[in-house]
Amino acid sequence: MIIQADNINFIYKNNNTYITALNNISFNIKKGEFTAIIGANGSGKTSLGKLFNALLLPSTGKMIINGMDTSLPVNLQKKKIKVGM
């Protein structure tokens, strides 16, 4: 798999306000596949895209890009080479 999302949740925190952008998202994208992510404004598309290249990290769950866990600091530069936005 090129992209693996396992039970991804992402919550924006601002002072005492919590906004859930992604709730329990799981999917796999294989090498060579084309995938479109569509939805209304505010549905979490940009947040998901930022999780692909570790501009954001999941609140819970795992995002694996080309075998690299995005939450591990050692993989940060490698991910940014592989994923553009």
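Lys62 is partly exposed, with a relative accessible area of 40% (buried means under 20%, exposed over 50% and partly exposed in between, using a 1.4 Å probe and protein chains only). This is a predicted model, where local features need pLDDT of at least 70, side-chain atom pairs count only at pLDDT 80 or more, and totals for chains, interfaces and linings use all residues. Residues are numbered from 1 along each chain as its sequence is written, and side-chain values use heavy atoms, leaving out hydrogens and water.

**The salt bridge**
- Lys62 pairs through its side chain with Asp69 in a salt bridge, at 2.8 Å from N to O.
- The term means a side-chain nitrogen of Lys or Arg within 4 Å of a carboxyl oxygen of Asp or Glu.
- The structure holds one salt bridge.
- Asp69 is buried, at 11% relative accessible area.

**The nonpolar core**
- Such a core is a set of buried Ala, Val, Leu, Ile, Met, Phe, Trp, Tyr and Cys residues joined through side-chain atoms within 4.5 Å.
- The largest one has 13 residues, and Leu22, Leu51 and Met63 touch the most other members.
- Two or more residues come from each of β1 (3-14), β2 (17-29), α1 (45-52) and β3 (60-65).
- Helices (H or I, at least four residues) and strands (E, at least two) are DSSP runs, numbered from the N terminus.
- β1 gives the largest share of this core, four residues.
- Beyond its neighbours within four places in sequence, Leu51 is in contact (heavy atoms within 4.5 Å) with residues including Ile8, Phe10 and Thr70.

**Met68**
- Met68 sits in strand β4 (residues 68-69) and is buried, at 12% relative accessible area.
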